[in-house]
Amino acid sequence: MRVLVLTGAGISAESGLPTFRGEDGLWEGHRVESVATPEAFASDPKLVYKFYNMRRLALKDVRPNAAHRALYKLEQALGEDFLLVTQNVDNLHDRCGHRRIRHMHGRLDEARNEAGDVIPWSRDLGPKDRCPTTGSRLRPNIVWFGEVPFHLDGVADFLQRCTVFCAIGTSGLVYPAANFAQVAWQQRTHTVEINLERTGGTFADTRRGRATKLVPQWVAELIERARWE
């Protein structure tokens, strides 16, 4: 059994982090496109810095939940036959201890310089901050709308080889991740969706409810199945 799990904002919402596309998807009245595009950063960098500084600060008040911890347990059980791909820019998965994880959209606790070099970053980031190596301006290491997500080649390779694909807490609206389920379905991979609401994707197994309840149950099923394979 080879398992690829895709997680979205819904899994972190249960730890207390707001989502872009939920009822509280606006931040102080700003549309996501006003603070999450290269054009927004060019026209109003102070606003963009402030937006991500607030989101980075919020990480200090939240903790990984039962769904995060269950996925780490699955990684421990499957080893190299497991890959976690997340659309989330928080560090809740990482704080559980994940090693086989790919952040498609970057991370709040990182910054990058104009050459694309990434450095850890835990404090506020602003216009005066410079890369300690090159002296160039820093920006949040976040994939904005209109930019290419990270790790696509490696994720696509694992997606082609996996036997189970599961989407957890995703809106099914952001591409290319929104197409993963269809790719898996077409190659007859077993597809699972765990979400509060149906997203319209193609799944053989759909489970409605809170991730903190359903993910541990699903993980327990897979680990038991793996023992017999």
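This is a predicted model: local features need pLDDT of at least 70, side-chain atom pairs count only at pLDDT 80 or more; totals for chains, interfaces and linings use all residues.
Residues are numbered from 1 along each chain as its sequence is written. Local features need pLDDT of at least 70, side-chain atom pairs count only at pLDDT 80 or more, totals for chains, interfaces and linings use all residues, and side-chain values use heavy atoms, with hydrogens and water left out.

The structure contains four aromatic pairs. Rings of Phe, Tyr and Trp (its six-membered ring) pair if their centres lie within 6.5 Å; planes under 30 degrees apart count as stacked, over 60 as edge-to-face and the rest as tilted. Phe-41 and Tyr-49 form an edge-to-face pair, with ring centres 5.3 Å apart and planes at 80°. Phe-41 and Trp-144 form a tilted pair, with centres 5.3 Å apart and planes at 45°. Phe-41 lies in helix H2 (residues 38–43), and Trp-144 in the loop between strand E6 (139–142) and helix H6 (152–161), so this pair ties together parts 103 residues apart in sequence. Helices (H or I, at least four residues) and strands (E, at least two) are DSSP runs, numbered from the N terminus.

One aromatic cluster is formed by Phe-41, Tyr-49, Phe-51, Tyr-52 and Trp-144. Buried means under 20% relative accessible area, exposed over 50%, partly exposed in between (1.4 Å probe, protein chains only). Phe-41 is buried at 7%, Tyr-49 at 2% and Trp-144 at 3%. The charged end of Arg-139 sits over the ring of Trp-144, 3.8 Å from its centre (CZ of Arg or NZ of Lys within 6 Å of the ring centre and within 35 degrees of the ring normal).

With a disulfide defined as a pair of cysteine sulfur atoms within 2.5 Å, the count is zero. Cys-162 is in no disulfide; its nearest cysteine sulfur, that of Cys-166, is 11 Å away. Cys-162 is buried at 5%, and Cys-166 at 0%.
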